[in-house]
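Look at the sequence and the model below before reading on.

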There are 4 protein chains.
Amino acid sequence: MKKIGSVGWIEKEVAACGPSDAICRPLAIAPCTSDIHTVWSGALGERENMVLGHEAVGEIVEVGSLVKNFKVGDKVIITAITPDWNSEEAQSGYAMHSGGMLSGWKFSNFKDGVFAEFFHVNDADGNLTHLPEGVSLEAACMLSDMVPTGFHGAELAEIEFGNSVAVIGIGPVGLMSVAACSLRGAGEIFAVGSREICCNLARDFGATQIINYKKGDILSQIMDLTDGKGVDRVVIAGGDCDTFDAAVKMLRPGGKIGNVNYLGDGDYIKIPREAWGCGMGHKQINGGLMPGGSLRSQRLLNLIQTNRIHPERLITHRFKGLSGVEEALMLMKDKPKDLIKPIVIID
Amino acid sequence: MKKIGSVGWIEKEVAACGPSDAICRPLAIAPCTSDIHTVWSGALGERENMVLGHEAVGEIVEVGSLVKNFKVGDKVIITAITPDWNSEEAQSGYAMHSGGMLSGWKFSNFKDGVFAEFFHVNDADGNLTHLPEGVSLEAACMLSDMVPTGFHGAELAEIEFGNSVAVIGIGPVGLMSVAACSLRGAGEIFAVGSREICCNLARDFGATQIINYKKGDILSQIMDLTDGKGVDRVVIAGGDCDTFDAAVKMLRPGGKIGNVNYLGDGDYIKIPREAWGCGMGHKQINGGLMPGGSLRSQRLLNLIQTNRIHPERLITHRFKGLSGVEEALMLMKDKPKDLIKPIVIID
Amino acid sequence: MKKIGSVGWIEKEVAACGPSDAICRPLAIAPCTSDIHTVWSGALGERENMVLGHEAVGEIVEVGSLVKNFKVGDKVIITAITPDWNSEEAQSGYAMHSGGMLSGWKFSNFKDGVFAEFFHVNDADGNLTHLPEGVSLEAACMLSDMVPTGFHGAELAEIEFGNSVAVIGIGPVGLMSVAACSLRGAGEIFAVGSREICCNLARDFGATQIINYKKGDILSQIMDLTDGKGVDRVVIAGGDCDTFDAAVKMLRPGGKIGNVNYLGDGDYIKIPREAWGCGMGHKQINGGLMPGGSLRSQRLLNLIQTNRIHPERLITHRFKGLSGVEEALMLMKDKPKDLIKPIVIID
Amino acid sequence: MKKIGSVGWIEKEVAACGPSDAICRPLAIAPCTSDIHTVWSGALGERENMVLGHEAVGEIVEVGSLVKNFKVGDKVIITAITPDWNSEEAQSGYAMHSGGMLSGWKFSNFKDGVFAEFFHVNDADGNLTHLPEGVSLEAACMLSDMVPTGFHGAELAEIEFGNSVAVIGIGPVGLMSVAACSLRGAGEIFAVGSREICCNLARDFGATQIINYKKGDILSQIMDLTDGKGVDRVVIAGGDCDTFDAAVKMLRPGGKIGNVNYLGDGDYIKIPREAWGCGMGHKQINGGLMPGGSLRSQRLLNLIQTNRIHPERLITHRFKGLSGVEEALMLMKDKPKDLIKPIVIID
């Protein structure tokens, strides 16, 4: 990213490796919708000559002297969010906000990202995870952001056994939310989307009904399918500030909303007063950035290793070499019908 | 209440006592701001010839055949919210919404209230609590609504030891929220109000700072007092849909809002997008009707009996006999400077 | 049950149907290991001429006047635990202990059970669930006890995404615990058992490793398989008071144990002091009776209807007519190698 | 500590200060019962020439290059438990077990303690807290261990508003548990102890009843006082493995036990099978080491600054200068009648 609206290759010094840090070269990287927002919508504000990218599997080329669990040559999974683990926020259970709201998100935000020959990872022990034998680069690369963000939606909505859930938005994150809700014990899962390739994968990942927003208002579709009762939980992984209007309305008293959609525009989230019980309906509204860190990656990696989830199925387009990044990025920008998620394999 | 905007005495049959129910005569009753909203703002929609009132201590004059814990002549505390305990909602932990959102609220809403010679209580075993020796009618009457609603604000905000809290609104409910936050282990408590009588009691109940909204924007006052960091928790017990704007802005990431204010007007609650972390700030928004029921009353009664709380201090005006109800109600409507809460002692 | 150690048919009056109650005739019933304990180990103390059985699907033949959701002729699922929903314990979230510890368990304990031509259900609205079209009697009958008890083990252990779990005991309850852990997002699931038929079903239900206790100490097997780290969670669905020794030892700090095994013998549960961190290891020990009630049944039924679980696969032996009950019971007593769970279809 | 059973002054090199660390000199220090256990009971196993002590307020004399929040000359509160914040255990919410069960406890366990001219603190930003103006050394020094450990007992027992609680053991930790339960909203608090000085302070800190174990069995005393119902919560801050027998028996179904007592002897904790509901009574058993870290200290410090707690009232004996440490330690060993807690003021 050269500036808002403009991308291209730039030359930069490799960042210095502090005593707790690591320098990696990428083995596999993936562009994310937020990279698109950063460049073309200016979602983070102006950035100049910043390297994009926060989804990667890499190989360590340098480690700091205090790093205990990693050495040069280790293949590792990098989380998109790399907190400062001794910060006040991390100690309070919200490491993703270490140093300020959303500030655990450093790659391609406060520092250079992973679309580079080499990139810097703060707190290697706290934020890296060994890539085990038998796990593909494709599956592993989805552990940077798609899996933990999608799964966080289900966590924020606090799914209980047998809950009915609506998952609004079934791009790659929403699809992982569908998988997460299913794996967390939801009953009916209403997946709201329209593109056929996404709908099909949503069904495979555990959705029981597809709600096509192009075929009518999603609120009335879901109310019809639930005999007017609505759902126990809503996960929001797409849409905008207005999406909360329908979400609150389709939610039963005592229900919970988990939002993992980055809301780029608008002044206010729309929470409808009456449907929210005039302030007294016990409809909890949660929204949060994915947790990062090595333990989180390891836990989700366990789900891949035990065949509980198959995030590599998100990948519809494959590129080779760093030179493929630009094409992959443009693909994310243009969102063709057959795209869910592209990946670039470097090695 | 004769109709919206009009009150007066009416003659009605005493309701029939079902096998699980009780009929009581009032010993002490108190009007609530929501009675005012019901009559003069039409907050619940049209109601004709409905008896008002949902705060009472009473004496049982009739009990159903299935009632095990109560007999005629027992003095009892009645909760404003009287759920159907075998309903699906009660089984899910949200008894106050039994039969539909907010439907655990029956008195002066779906059926006649307690400002009458006799009133009906559904599920006596589930919803009544014995008035013990040594607890005053004044303190006990506050257990119907003021204490459980105020305390629910602190519960919804999930106060942890040492949290800084803003309590917005210090009428009788907000004052009990201040007491609840203090008793739950909060550190700094910023109480937002203006009337001197309320501010003084807020200090006695545990507030460490008074924020006078008449002396400037509450958000900037609180941000100044916290070195720009904001607070860990917000309890909303006053204001309107716009109050959430400041509440979200003064809240730190990982913080929680607990609303117990009935929002009577407006289409949408204002949740500011950026301050809400663009959907990712982990600022949880909760709002809920007080839980009712006998166990809840007993637990809060324990706090009176062990001298942890003194809700009788809310009472600033006292009346005698049923004929005093109208005057007490008008007092609530007019809110003179020296009013916190009136009570009518019948016996 | 005639007395401890003796079973046979007896003649009894049909219980009276109270205003909230229902009388049902059984459509499908299943004997449970606890029936065996009741008769042959005297686990509940002496009982004379008590009808056994607490797992049933039935048809309503009579309903009380206050019952709103059911009518004569309705086919219903009955939960083994039928709480008094307005009790103090139910209001505190522990309905299964309504009226005293374990007292939500009424069938074949404090009153006659379901192995009869007709049986009585207290609080029909609170404790019955409609049997929907398309759900087999076999699957539905497992919703009385096997599914909710097995699932409660996973709930008590508070499984998080990617946790490693040991499930000790894979009889019918333990097998449902395996399914529940898998459906709750566990990673590695170590199922401890020995009979081939159970081990095979454990694998189908989501176990990743079988630990055969006949092939050596289970603790050392699990420590070996986890590189000496142990597991994040333990569900106990078999064994005895000594089982907790190994369970605590295999558990990591911050881990949780969920017990759903009825402990019939011994004075003390064995919690090893050192492995429990000398009292400071944050190894939480939970044990609890299954929650009952209509909502719970409905939620678990949703999991059958959405094909998330297949509890009918537990059933290995089928009998026809009430006369088959005795044979089914004896089968449970003798536990042949090919038995998991018998069922008796009445209609 | 020279070896088990023997104490005295030793000469040692000052530890090296790593890039994240700090070296402090003590301003106030306090001996703890666990120092006594370490030396005279050999509770941690053999230790040779180890400096004792883990409760201190100090002044920084050296800081590592990566430390952001502290500089030489700052006065700081040091927590007894100083976790590695980027460890897997810390990321899972159990920082006190970072590096292995109980391994967040480093002072006078895995490394030299604070009874020295200078001592080393790992991760200064994560584990130190600024001593503010107006907070006495006496109060602040109690924030190292007495307050956080005592308060953790109330946290582990998950006190809810109006709960009845038994606090077993009212030495300095138990007294802080009494204060914590009171500040968390408990109703009745039964404090179990015998020494008059402790009983009096227990009453001041919020106990409503004193149970003198010298005047009869504590279980029967508590059952009598609660009409045979028992209590909702138990905090264990004294006694031994047998104490759990009475604790489980006095606990109601759905109740919780929080243990913060270090159990030095015995093979097994005694959990009585029948009183534990034969494994099904929902009586949760928790025990855990205090959480450490800077945020935790800050939160508890807030409670001192807002006059919610007065931990300096624990201090009954005062000494001056490092030379006073030995006498203070011997006092803790001998426990005279008038002792609660000694302190040594260095500066």
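## The model

This is a predicted model, in which local features need pLDDT of at least 70, side-chain atom pairs count only at pLDDT 80 or more, and totals for chains, interfaces and linings use all residues. Residues are numbered from 1 along each chain as its sequence is written, while chains are lettered from A and ligands numbered from 1 in the order in which they are written.

## Strand β9 of chain B

Helices (H or I, at least four residues) and strands (E, at least two) are DSSP runs, numbered from the N terminus. Strand β9 of chain B covers residues 231-236, and six of its six residues are buried, so the strand is largely enclosed by the rest of the structure. A residue is buried if 20 or more other C-beta atoms, placed from the backbone, lie within 10 Å of its own.

Two strands pair if DSSP finds at least two bridges between them. β9(B) runs parallel to strand β6 (residues 165-168) of chain B, joined to it by four bridges; here Ile168(B) has Ile236(B) as its bridge partner. β9(B) also pairs in the parallel sense with strand β10 (residues 251-259) of chain B, over five bridges. In that strand, Leu251(B) stands opposite Val231(B).

Helix α9 (residues 243-250) of chain B forms a right-handed β-α-β unit with β9(B) and β10(B). Right-handed means that, with the strands pointing away from the viewer, the path from the first strand over the helix to the second runs clockwise.

## Where chains A and B touch

Chain A and chain B each put 36 residues into their contact, where two residues count as in contact if their C-beta atoms, placed from the backbone, lie within 7 Å. On the side of chain A, the elements giving two or more residues are β10 (251-259), β11 (268-272) and β12 (284-287). β11(A) gives the most, with five residues.

β11(A) is joined by five bridges to strand β11 (residues 268-272) of chain B, and the two run antiparallel. Across this pairing, Tyr268(A) stands opposite Pro272(B).

## Chains B and D

Two copies of a chain are related by a rotation about an axis and a shift along it. Chain B is superposed on chain D by a rotation of 180° with 0.0 Å of shift along its axis (RMSD 0.0 Å). The two copies are thus related as by a two-fold rotation axis. Superposition is by least squares on the C-alpha atoms of residues with pLDDT of at least 70 in both copies.

Which residue of chain B has the C-alpha nearest the axis? It is Arg184(B), at 2.1 Å from the axis. Of the interface residues of chain B, 100% are also interface residues in chain D, so the copies meet through the same surface.

Definitions and conventions
A residue is buried if 20 or more other C-beta atoms lie within 10 Å of its own, exposed if 12 or fewer, and partly exposed in between; C-beta atoms are placed from the backbone.
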